[in-house]
Amino acid sequence: MLTPVTDTDGAPFWEYAARGEMRVQACGDCGEPRFPPRPCCPHCQSFAVEWRPVSGRGRVWSYVVPHPPLLPEYAEQAPYNVVVVELEDAPRIRLVGNLVTGPGAALGSLDPERIRIGARVQVVFADGLPQWVLA
Amino acid sequence: MAGIGLKDATAVVGIGQTTFAKRLAEDEKTLACRAVLAALDDAGIAPGEVDGLASYTMEETDEVELAKAVGFGDLTFFSKVGYGGGGSCATVAHLAAAIASGQASVGVAWRSRKRGSGPRPWTNTTVQLPTPAQWTRPFGLLRPADEIAMLTRRYMHEYGATRDHLFNVALACRNRANQNPAAVMYERPLTREMYMTARWISEPLCLFDNCLETDGALACVIVGKERARDCRRTPVYVHSAAQGLPAQHHGMVNYWNDDPLTGPAWTAARHLWKHADFTPDDVDVAQIYDAFTALVPLSLEGYGFCGRGEGGAFTEGGALEIGGRLPVNTGGGGLSEAYVHGFNLINEGVKQLRGTSTAQVPGAATCLVTAGEGVPTSALLLRT
């Protein structure tokens, strides 16, 4: 499986995720949240940064169900879902992830028929990666 | 408008292409040379007169190799455009700007690619773009088809677009390919049943929503309008040209701004029409970038052929077919002629305005050509 190739801007997200915490980058001056993380604020150009805790609740904004050909370890789990989740606390922050039956479950563990745009979801963590379950 | 302006200052006077196939024996460099020499021969211009070049950053045959092989003269302008298929029309736009401003006099744009027999870029896990590598690929959003399927699902949800609308796009392209002996799908008709029962690639996109995987190369030649009058072929003028990278846009995975369903087409279109003497209503035929069927309804909205959310419905009633409201991709497009990062759409636009297309729109005098939607893009308005 591919693990996140982190960079300087994104590293704090993964450090918090490893502790089971979801935080998003926000401007340390004007307070505007932003994703993906980047060096400065596109609204006020400030380089001040804070990592703001969020509830981990959200709604499915869209989803796909990939089928092979895929990379081998993904093909083994196909068809699986990939979702984009819009965060309840910050609606313009949308995170790509997988909707699963529980923490650590396989990518294809949830029947795709159960997924709907708008469905309420909650983040869970497994091995430092965020996953999503139906709320 | 300040400056010399691009409007009708340059023209495409030569086009060339190789055979298109799933697998060609020759390498990309050889195919590039063949397409470029064919385009120059079509124009009646000697290779030694070429002084300007433009291609894609993903093009593997560089200027030095090409110039040495085909015998170009001294080059005074060469440029490359990024973002894969988003750069197709920009190659012509850069040459038009260079020629109009005196940086070059004879320009060649080209693309040579063995995407049919060569590797699929997404299978290379060591060379990944930084944002997908961190935020999307680990979750199994691996391929361009997955990334665009995500926007497609949201588009269908918000506006009621259907798989039948996407089929209309696939069918129009296939029907035109069935008229074009050079198209990979020349002898392969498509039916609604084939489409609706096809295997999924990434739901909601099936096999026929995805472009071909093709080996092939194309090129075109651009000169100033005075020189164009002396060339062998009817000049096809570059009437307007634009690139587009909207504020806060993110190529392919554009999930992170206020309105992900308005993409680069909207930005390019505003500039394109601002500098044009005609409007979307006056476009006789369009070549719309079709790596995936869903990009066509989005582009129809972006370039102003219909309103927000109306792109799906626009495809109904044979609108995209010959005789319809807006015939598109009349050589078969990336879906059914060849997928060479959209360069075949440029050459097909030229054929239409010369009156030599295999699916000729009677009297076509204006053509829109677009590059990839969903990535930083570019577009051209061509006219006779």
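Modeller: In this predicted model, a helix is a DSSP run of H or I of at least four residues, and a strand is a DSSP run of E of at least two, both numbered from the N terminus.

Colleague: Which residue follows H5(B), and what is its phi near?

Modeller: Helix H5 of chain B covers residues 144-159. The residue that comes after H5(B) is B:Gly160. The phi of B:Gly160 is positive, near 75 degrees.

Colleague: How many of the 16 residues of H5(B) are buried?

Modeller: A residue counts as buried if 20 or more other C-beta atoms lie within 10 Å of its own. In H5(B) the buried residues include B:Ile148, B:Leu151, B:Tyr155 and B:Met156. H5(B) is mostly covered, and its buried residues number twelve.

Colleague: Which strands of chain A do the buried residues of H5(B) pack against?

Modeller: Within chain B, the buried residues of H5(B) pack against strand E5 (200-203), strand E6 (205-206) and helix H10 (295-302). In chain A their partners are strand E3 (57-66) and strand E4 (82-87).

Colleague: Which element gives the most to the side of chain B that touches chain A?

Modeller: The contact takes 30 residues from chain B and 30 residues from chain A. On the side of chain B, helix H4 (130-135), H5 and E5 each supply at least two residues. That side divides into 13 nonpolar, ten polar and seven charged residues. The element that gives the most, with six residues, is H5(B).

Colleague: What is the bridge partner of A:Val65 in E5(B)?

Modeller: Strands of a sheet pair through backbone hydrogen bonds, either parallel or antiparallel. E3(A) and E5(B) pair in the antiparallel sense, over two bridges. In E5(B), A:Val65 has as its partner B:Glu203.

Colleague: Which are the edge strands of the open sheet of nine strands in chain B?

Modeller: The order of this sheet is E3-E2-E4-E7-E1-E8-E11-E10-E9, with mixed pairing. Each edge strand pairs on one side only, and the two are strand E3 (77-81) and strand E9 (285-287) of chain B.

Colleague: Which residue in E7(B) stands opposite B:Val106?

Modeller: Strand E4 (residues 106-114) and strand E7 (residues 215-224) of chain B pair in the antiparallel sense over nine bridges. Opposite B:Val106 stands B:Val223.

Key. Residues are numbered from 1 along each chain as its sequence is written. Chains are lettered from A and ligands numbered from 1 in the order in which they are written. This is a predicted model: local features need pLDDT of at least 70, side-chain atom pairs count only at pLDDT 80 or more; totals for chains, interfaces and linings use all residues. The expected span of a helix is 1.5 Å times one less than its number of residues. Two residues are in contact if their C-beta atoms, placed from the backbone, lie within 7 Å. Ala, Val, Leu, Ile, Met, Phe, Trp, Tyr, Cys and Pro count as nonpolar, Asp, Glu, Lys and Arg as charged, and the others, Gly among them, as polar. Two strands pair if DSSP finds at least two bridges between them.
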